[in-house]
Amino acid sequence: MAERIRIRMYHVGFGDCLLITFPDDKHMLIDCGVHLQDSDDMIRPTVDNIKDVTNGRIHVVVGTHYHYDHICGFGKEADTFNAMTADEVWLPWTVDQSIPAVRAAFNAEKQLMRVLEARSDPRLEEFKLMAVSNKDSLGTLKGLWGGLRPRLRFLPEEEGLSLETDSIPGMTVQFIGPLRDNPYLSKGDPGKDSYLADMENAEQDGRSSPFDEDWIIRAEQAYNQFPTLKGKAPLEYNDLLDDFLSASGVKLNNSSLIMLIRYGGAAMLFPGDAEYGAWLDAYESTDLQAQLGDINLLKVSHHASYNGTPASLIDNMDWFVSMVSTKTIPSYPKIPKETLMEELDSHGPLIRSDSPPTEKKHYSKHSVVPGDFWTDVRLKWSGVS
Amino acid sequence: MVMKSPIKPVRSPAIRRLRIYAIDPLIAAFENQVVTVEIPWEDLRPGPVSEYIEVIDYDPCADKYYSPVNLEDPNLLAQDGHQPSESDPRFHQQMAYAVVMATHARFERALGRNVRMHGKRGRRIKLRIYPHGTREPNAFYSGGMGALIFGYFRASKTAYGRNLPGGTIFTCLSHDVVAHETTHGILHGLRRRSLEPSGPDVYAFHEAFADIVAILQRFSLPGFLEQAIQRTGAKLDTPDPLFDLGRQFGEAIGRRGALRSAIGKDPDPGALSGIYEPHARGAILVAAVFDALVTIYKRRTGDLLRLAGGGTAALPRGDLAPDLVGRLASEARRAAKHFLNICIRAIDYCPPLDIQFGDYLRAVITADREIVPNDPLNYRTAIIDAFRKRGIYPENVFSLAEDSLILQPPRGKLDTAGFKLDAVRFDRASRPDTKERKKEWNQYARLYTALFKKPRNIRAFGLDRDRPVQLASVQPLQRISPDGRIINELVVQALQQGDGIFARKEPPYHRGGCTLIVNQSGKVRYCAVKELKSAEREERQRSFLRDLESAGLLAGMGSEYREPDFRMIHRGW
């Protein structure tokens, strides 16, 4: 009898939510979230479906990194999750606050938040949701499940990159990232407190001008004087915060848990939102490259952004199913990257949540089964692995 | 009937005089607070707006426009512009304009041709200048915006130099900052791809070059060197005053602690292997140039000091005679002027992209030998020596002798049939009309065919035969031959594009290319090449990009890779 693994990708929009069901009804949930700019209508039915499918018991829950579009579901549907049980919760070590560098990064974020607050910056709300104070979601993840405390693990653990667990027997997970000795991640604290201090200083001035009112001219006068302006302000209010926010976003993505999951004859790569830097680390410090040929399923990183999937990764992979959880939203008009899609398509079946398959399809090693608001991939193999 | 006016028109003057602050708002280092600079005359509209630049005083943080200065106002013409004032934004505009144009004039003089500003995708643009473009302790050039953006900020509450604690500091009122940023902009125009992050030397070189131009230009401010020399007169038999000035400059730029620790200190031949932060790494190059300058200054002033000392090694006590100060200052100024000229001209001899310190050394030596073949004061030895002491070597040269450092002609025999130098006009109109532009393009096409449409040449230039060659720029290069004739040559830059670094068909790309110096008869005299098919270069670029990304310097989530500007780098991130 052939064995099967089912990978269910929920069509949450710009976000990630994947449920893997191993033989013997063992379940692993990887992320549950959707971007703030995206409608969140699908989170509730998604979580309900997870509850139905798993019978209220998830063996391993994974939060790859604490970006809103990956974990907000745990906060929004906390009640449902609280009523379920989980055996283990996996988070990247980069959110383990017992590590001083992590604490420092969290503190830097708090400082940044104070600056945002001081100026009533509209980005504050979004940043809060992405940042450490995303307590709702992290709280659910780290809290009680069905009244019990699951085993909370920060990964990869000190002991090594490979992990087997009794919660899902037969599964081996190799952590490709985030590596504990990564020098860049430990730089979570920008060490530029002085700049942030300068910002706070500037904020006291609000948007007042340093010059006497006599020198100020009306915008229309300026447009008249400088036709090259074409009637609009040439610069936007852009400051340290923009860049800091963007840099901290990349850092967070690169701290995603990257998991190479093997079970029987299946090898699946779940990289969270890893961006280019994380892949390079992986190339250098793990044997990922030697294993690329084995992989038969890839969850495409970072909603198929321009640098979430290096060309060399795909080049060295053989035939594989790619699953892309994506949608174009106003902030990221260039996601998904169509040239990347073409390349993925040439390596095997490509399943995208923004245009999901509508018909059942059976291949020799897997089948694709469309659902109400999800797509299932069933990987199968026969005999002993 | 129209009466002819009995008043005959007067020709425009050659220069415009404008007052600027000589002290730096970040450090008070100069007693004479106001100096008048002379810049080439051009007709100005309020702004000022000229053919090359437009100063637009929009303050996005306050969302306000400030009244533009009208430098053509007779009341201003009669008194060399506005009286320096921190509280009048019109003076800020005037000072930014004056220093930008003074720097620009320096480049045109050194290169002997029009120097255009270039923006996105190499288009000719008017460089925008925003004297109050951001509210942070930063000033930067942005290639994407084609603009220089100067910030202003509150000084820290604890006393800082001569500044009012908590007072507002404007970076556009610093000669050094403005000259530095302008140099970034001009260099980007001359070497469009040279800003692509292909290795640790790239940004460091840009920072160092901008510092070199700014420091050497400051030396030319009237009265500047005299005051410095008078002040430190007692130590005049040592090169201390010049070193001091270099270090002070580092301080003025504020964030450059690096210059202070590099200039005039014992050089460390292993320094380059461990320092990657652009300013710190760039400081090593600045220190090398400075070191050579001081050596030359000593050579030039040895006789004066011997005369003044009456045969003893010591100078008389007390104030130095003004004559002596004047002579010493003028020697220092001449040496600085020569260095500035060589440093700028060397750009023409650099490869079109991925410039490493060693490439620059070769370019400097080659440029200098082209102008002064016999080198009576041993400038070149001084330069080579200063670079060697800091471990700056070019790749693939046999020795550090002058002859090995000079750029080489292409390998093998070339076929340049069809090349005609007079096909390229040297007096290109700064704004050619359509017809002229078409003619220009035809000329380029002919040149391209003569040089690059031949497999033999491609091989000789070190280019990749499987990839198309793009003609990036053609510029005239004029020099005086040893026997006094004017020699016209061409600087031709060609580029090739390889695969993308992240994804095969996405930027950033791996690139190669070459710079050729071609003489009147079509002989390619020098070739500075960056080979496309170089695994070593590709690896360097990859690991460098990775560092940049880890530091958050590459664009964030989902956005296109963008041409990096200096905003983040100048913050020292």
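Student: How many helices and strands are there in chain B?
Tutor: The secondary structure of chain B comes to 16 helices and 13 strands. Both are DSSP runs, numbered from the N terminus: helices are H or I with at least four residues, strands are E with at least two. This is a predicted model, where local features need pLDDT of at least 70, side-chain atom pairs count only at pLDDT 80 or more, and totals for chains, interfaces and linings use all residues. Residues are numbered from 1 along each chain as its sequence is written, while chains are lettered from A and ligands numbered from 1 in the order in which they are written.

Student: And chain A, how many helices and strands there?
Tutor: Chain A has 13 helices and 17 strands.

Student: What share of chain B is buried?
Tutor: 50% of its 573 residues. Buried means 20 or more other C-beta atoms within 10 Å of the residue's own; exposed means 12 or fewer, and partly exposed is in between, with C-beta atoms placed from the backbone. In chain A, 47% of the 385 residues are buried.

Student: What share of the contacts in chain B link residues 24 or more positions apart?
Tutor: 64%, counting contacts with a separation of 6 or more. A contact means that the C-beta atoms of two residues, placed from the backbone, lie within 7 Å. For chain A, the share is 72%.

Student: Which domains is chain B divided into?
Tutor: Domain 1 covers 17–190, domain 2 covers 210–405 and domain 3 covers 421–533. Those bounds come from an automatic or database domain assignment.

Student: How many residues do domain 2 and domain 3 of chain B bring to their contact?
Tutor: Twelve come from domain 2 of chain B and 16 from domain 3 of chain B. On the domain 2 side, seven are nonpolar, one is polar and four are charged. Here Ala, Val, Leu, Ile, Met, Phe, Trp, Tyr, Cys and Pro count as nonpolar, Asp, Glu, Lys and Arg as charged, and the others, Gly among them, as polar.

Student: New topic. Which residues touch the most other members of the largest nonpolar core?
Tutor: A96(B), V289(B), L293(B), A346(B) and V364(B), in a core of 143 residues. A nonpolar core is a set of buried Ala, Val, Leu, Ile, Met, Phe, Trp, Tyr and Cys residues joined through C-beta atoms within 7 Å. Helix α8 (residues 278–308) of chain B gives the largest share of this core, 15 residues.

Student: What does A96(B) contact?
Tutor: Leaving aside neighbours within four places in sequence, its contacts are V55(B), I129(B), P131(B), F150(B), C172(B) and V178(B). There is also a second, separate core of 87 residues, which includes V62(A), L260(A), M268(A) and L280(A).

Student: Where is F205(B)?
Tutor: In helix α4 (residues 200–219) of chain B. F205(B) counts as buried because 24 other C-beta atoms lie within 10 Å. Beyond residues up to four places away in sequence, F205(B) touches G282(B), L285(B), I355(B), F357(B) and Y360(B). F205(B) and Q356(B) are 151 residues apart in sequence, but 7.1 Å apart in space, C-alpha to C-alpha.

Student: How far apart are the end C-alpha atoms of helix α3 of chain B?
Tutor: They are 22 Å apart, which agrees with the span of 22 Å that its 16 residues (175–190) should have at 1.5 Å a residue. The expected span is 1.5 Å times one less than the number of residues. As for cover, 16 of the 16 residues of α3(B) are buried.

Student: What is phi at D80(B) and D354(B)?
Tutor: D80(B) has a positive phi near 55°, and D354(B) has a positive phi of about 55°. Most residues other than glycine have a negative phi, and most peptide bonds are trans.

Student: Is D354(B) buried or exposed?
Tutor: Buried, because it has 25 C-beta neighbours inside 10 Å. D354(B) is in the loop between α9 (322–345) and α10 (357–371) of chain B. D80(B) is partly exposed, with 18 other C-beta atoms within 10 Å.

Student: Which peptide bonds in chain A are cis?
Tutor: One is L155(A) to P156(A), with omega near -10°. Another joins G177(A) and P178(A), with omega about -5°. P156(A) is in the loop between β6 (151–155) and β7 (162–164) of chain A.

Student: What is the mean pLDDT of chain A?
Tutor: The mean is 82, and 83% of its residues reach 70 or more. pLDDT is the predictor's confidence in each residue, from 0 to 100. Over residues 186–197 of chain A, pLDDT is below 50. Where pLDDT is low, the predicted coordinates should not be read in detail.
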